[in-house]
Amino acid sequence: MPGKLKAKIVAGRHLPVMDRASDLTDAFVEVKFGNTTFKTDVCPKSLNPQWNSEWFKFEVDDEDLQDEPLQITVLDHDTYSANDAIGKVYIDIDPLLCSEAASVISGWFPIYDTIHGIRGEINVLVKVELFNDLNRFRQSSCGVKFFCTTSIPRCYRAAMVHGFVEELVVNEDPEYQWIDRIRTPRASNEARQRLISLMSGELQRKIGLKVLEMGGNAVVGYLQCFDLEGESGLVVRAIGTACTLDKLSSGSAPNTNTHVHPNTAPASNACNSPSKDGKEPVFGEDLPSFSGPPTPFRALPTSSSSPPPFSPSKPCSRQSSSSDTDLSLTPKTGMGSGGSAGKEAGPLKTLLRQQTQTALEQREFPFFTLTSFPPGFLVHVGGVVSARSVKLLDRIHNPDEPETRDAWWEEIRQEIKSHAKALGCHAVVGYSESTSICEEVCILSASGTAAILNPRYMREGCLDIGSTDHRFEEPSPPSCGFCHIPYDELNMPFPAQLTYCYHCRRQKVPDVLFTTIDMPPEAAVTGKGCLIQARLCRLKKKAQGEVNATAISNLLPFMEYELHTQLMNKLKLRSMNALFGLHIQISVGENMLLGLASATGVYLTALPAPGGIQIAGKTPGDLSNEHHILTIQKRINDTITKNKELYQINPPELTEEVVGSPIPEPRQRSRLFRSHSESSDELSELDLSHGKKDAFVLEIDDTDAVEDIHSLLTDAPPPTGFYSCNTEIMPGIYNWTTGVQMFTSVRVFRLSNANLTNQGLNKIFTDLCENLLKSFYFKLRSMIPCCLCHLNFTVAVPEEELIQVAVTAVAMTFDKDQTQEKPADKPVTKGCSETEEQLQFPLELCADSSSITTQTSSKISGVPESTNVSPRVSSLERSSPLPEGRSRSLRSNRSFGGSSVPVVKMTPLSFLPGTRIIKYLGIINMFFIRETTSLREEGGVSGFLHSFIAEVFAMVRAHVAALGGNAVVSYSMKECVLMENPNKNQAQCLINVSGDAVICVIETDQESMPSTINVVQTCSSGADGAT
Amino acid sequence: MAVELDVFVGNTTIMDEEVYQLWLDGYTVNDAVKVRMEGGVLEEFEASADVLLSDTMDQYRTFQMCERLLHSPAKLANQLLFQIPPHRQAILIERYYAFDDAFVREVLGKKLSKGTKKDLDDISAKTSVTLKSCRRQHWVQFIGCDGFDNFKRVFKVVEELKGPLVENIRQHFLLSDKLARDYAAIVFFANNRFETGKRKLQYLTFQDFAFCAGQLINSWTIGAVDNMVEDMDVDLDKEFLQELKELKILITDKDLLDQHKSLVCTALRGKTKAFNEMEANFKNLSRGLVNIAAKLTNTKDVRDFFIDLVEKFIEPCRSDRWTASDMRLYLTHYTNSAHILDTFKHQVVWDRYMGVIKSCIFKMYHD
């Protein structure tokens, strides 16, 4: 019996009146885990019952602990008839299974009913006792940590990045089972919620097993999705990046702003290239006002005396993984790690590529779901790779054999892999997968950024690579290296205009760069970035089955092409030359397809300046037309000038002659590879490069073109004081203050006119998105100066005439007055290899800032011992460890006393500005269904959804608070499916959210490190606030 | 073509104070949008009317969802649905329970049979408070003891509580001290059915009455002597009212009355222009005040307390053109001189009575 789960029901409050006669409720609670159920006594006639139950103990397998949620049902006792359910609480106990996460769940949970919403709250205590049977431990995957965050979590360092993990499980959707015809909507909803909870648990456990096999101990960038395939079933799938993470003891977490010169610089390539003055610290120096530790990354141990850091409590066997050639990377050669190819090192470059490729090719899919990386990890970026496939769904006959779906994804991934290869890249970063389902048609999409990675991070054993690195004389400087082309100049995968890098002048760069990742923090940018969206609607005929799938397949390439053209034009219009965080969503409805591409445009200093946009008419003779063209041309030129000013794009004038590189001729080129296949393996590649046509010339020869140009110019810039981006942070803003407002907004638009044209639809769709943005700016105007970060748009066509747009983002304030110069932005003209030294830097810092002897000893062993002081925020502090909004309200928070609800911050980013994450408490992954049969009474669909979203937020916050946390980072709403039937006064909505529960403390500055530790209470028992 | 659904939900609930006030004042969404447009928020922020409408709708929905919680403000602090910073919670509550003085004055102590729409309309028209806002303040419903309203809510809660009235209101409704005192006054007036609607009392404001209520609560209720009984601050101290009868000796005993007069006149001589009037009216005025005291055992006379004060004391003084400082001077000496009367044994009751009378008259003596 490897585990004992204990639960105690303490009290309830604000319960609904269940007995009309007495205006009271006779409440009791059922606690269920697996097939075991306990009951509390009935607490008669009270809306605020005190049960104070005994500890209910469940003795269970750890496998069950991972799969099953703890199910708490609050009921109203009725002597004569059936007891009425008040509502339920599902508690995911996974966080308790990992010694580094939470140790107790204790707090008030909203009692949730799928028909009535939140109905009061219940106070629950949950603990798990795991028997330390290490062998048993590994049978399940208890102890593998999961993170939604798509970078190395901030109080860890990655000892190794193993690579891609994926899994999917399928089942029948209870909503479509025959029994659903006879059971109540509540029973059906609860069956679904429970099933999905079970499936998520199972999925996570299976992924965990794969991670253990690979020798890792964590999954980073964990992305779990549901495909509601209707009749044909329910698919839960997940992808992630397996890593081996070492926890940095929080007291000695590296401080971002401290310059520490590693005194044990590795003997690697530092010698050849004298590094520049500052050892540029990793993330932190760029962003002095937020202070999460720089993504700590430990590439290689400095000497043999520091063995690979593995926590003794983590029984992951690294040896076992070596037999697993498919999954773990064990390079045969043990060389070729140089990272970046020197300009002159032609043959060497090839050699290097071969070596790293062999290294990566050993794994099935060299994919990484991460979007930002430790310095030195990303060597070159090729461009965006994407693949789509249209499939016809059929019923999943055997839930235990999800092969069909597996095969579909396998196919898509293979495609992505081959696209990356074509770009001369051996890996794909910023990788994600998604689906869009309408009736029996399903579009599977995958996209990522082809890249060349430094293989050192993936290699087992951390070889001494110093000698091999000598060959590469001038590794690329971090501020521009990733822009340098990874492919062969003479054998380019597509027509491209190359120039010498405007930053280092040594290697070739493309004129435009599209990526799906966050901008590397060390990248040199000019001015600020901005959100760029391409929006597109395409009507299609209603059809069934194969015909429908074919029609969609035929439309897809045109949509991709147009979206791409729009993006490119909008990028030029803003005088920018690179896109980060590119996400293209194509959503299918019965009679139309919606395409939405969002990205953050930026001017990379290393890339050439974009040229303008030329307008040309087809009939030069026509005078009135000429005049028209001139007017448009002027408007475009004016817009470009205005945008340059707005985004402060004043690239330094470069003397071209010095390097002798050709002035880049403006030429549009695509790095976007796509293909689609329709129920078959047929692949087709589309060259989006417009052939040889000069893409800057927009010809207006028909109404379409006029429309296009018009739509180009209708995008309003954000009002003064606002910036927006869809990446983690805004390129060009570095001084964040602590104001944070996460929000979710949903709009549904009903198209009344049945015979709409594509243009008409486009206009409606564009206006819908633009108006949403305008609404955000207006609502958040009190936060100015502020930036909307991580703007994540999701579009759907829930019904024939409806367009739904859901947005989740965070508004963050920044200090306008402070100098916004990026501190680390130094002209790096010579290659330097300081990355090597930086890699040592977190370790060094551990030693430097730790005054406690145990921590010093941990430095020697290279890992904090598990018995080390485990810092915890005391329950008192927990209630208000963060400033609410502006700092001034912090005091009022505190003064409010113990009765108030602890504040829980939420953000889609991986950090909260002004704070330091000291502990990750586990993943939050929740699925809720809400249904109503009194839609009008609840304020219509808006009222219904408004309260549901508020309820979801409340439940997320409650779970985080119960884990002892005060914030959710990397929060996302992955699913929001709304079905309405106003005529029947009914509506149903499904929402799936996820994120990482964390404890964070306010970071003032590095001098006050001890004082921040003061708010951290040492508590070795780990049961703070529990007893 | 129409926006079918439009919601915006922040992790920290976003509330605009201006919109909140419009909502409280009973504006419809469309009217609120108009007011906001006239306020110039659009020009300030280059937004369109659609944006404003969407924002107003969102906020109205939020307020409607919050209203249930505002009915028992303590719940607002420990509910989980909305994450609202404490200082904002305080604003929400304070504004929700705030009322229009003119409106309250209109119905204070008035006995309206049922909260009919017509009554509301009349008061609404008279005080230019919108109907929705009237409903929120729900005076009429309360007085008709029908419905659920701020006032009744307050009343219902404090009815069942022991301890000081103001403090109970403050703690249970998380109101500011000032607002809690005003509510206490309203409860107190309603409980004792004080007459405030007579024409002669029209010149008094709600704040005048609220002040007097505070005086009465502090000195004349049971709570003034025993702070652990129910209704301690709403019911007048019966024993005290009985004892007040003893004061009659001041006007029935002729020697005492003359002695009192001469003491007061000695003290006042040469200090005021109104001396002659004071001397001439002394016996009348003293009879007036003492008679009020002696009759307070009758519920009917308690109701007429304010009208009696005005008729028996304030009006005669006003017709003699006493100034406010004359009044102060007179009442001070009138009260103090009674202590020197050696045959007058009811000093404690006298002080408890006159202390309140003095401050009430000071407050009420204006145009």
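A salt bridge is taken here as a side-chain nitrogen of Lys or Arg within 4 Å of a carboxyl oxygen of Asp or Glu. The views below show a predicted model, in which this rule gives 45 salt bridges over all chains.

**View 1. Salt bridge between A:R13 and A:E121.** The closest N and O atoms of A:R13 and A:E121 are 2.6 Å apart.

**View 2. Salt bridge between A:K542 and A:E800.** Here the closest N and O atoms lie 2.8 Å apart. A:K542 is in the loop between β19 (525–539) and α8 (545–573) of chain A, and A:E800 is in the loop between β27 (786–796) and β28 (802–814), so the pair ties together parts 258 residues apart in sequence. A:E800 is partly exposed, its relative accessible area being 28%.

**View 3. Salt bridge between B:R352 and B:D237.** The N to O distance of this pair is 3.0 Å. B:R352 sits in helix α22 (residues 347–364) of chain B, whereas B:D237 sits in the loop between α14 (206–220) and α15 (238–244), 115 residues apart. B:D237 is buried, with 10% relative accessibility.

**View 4. A salt-bridge network with residues of chains A and B.** Shared partners join A:K779, A:R781, B:D16, B:R36, B:D55, B:D58 and B:R61 into one network.

**View 5. Residues 819–898 of chain A, with pLDDT under 50.** The model has 215 contacts beyond four places in sequence for this stretch. Where pLDDT is low, the predicted coordinates should not be read in detail.

How values were computed. Residues are numbered from 1 along each chain as its sequence is written. Chains are lettered from A and ligands numbered from 1 in the order in which they are written. This is a predicted model: local features need pLDDT of at least 70, side-chain atom pairs count only at pLDDT 80 or more; totals for chains, interfaces and linings use all residues. Side-chain values use heavy atoms; hydrogens and water are left out. pLDDT is the predictor's confidence in each residue, from 0 to 100. Contact means heavy atoms within 4.5 Å. Helices (H or I, at least four residues) and strands (E, at least two) are DSSP runs, numbered from the N terminus. Buried means under 20% relative accessible area, exposed over 50%, partly exposed in between (1.4 Å probe, protein chains only).
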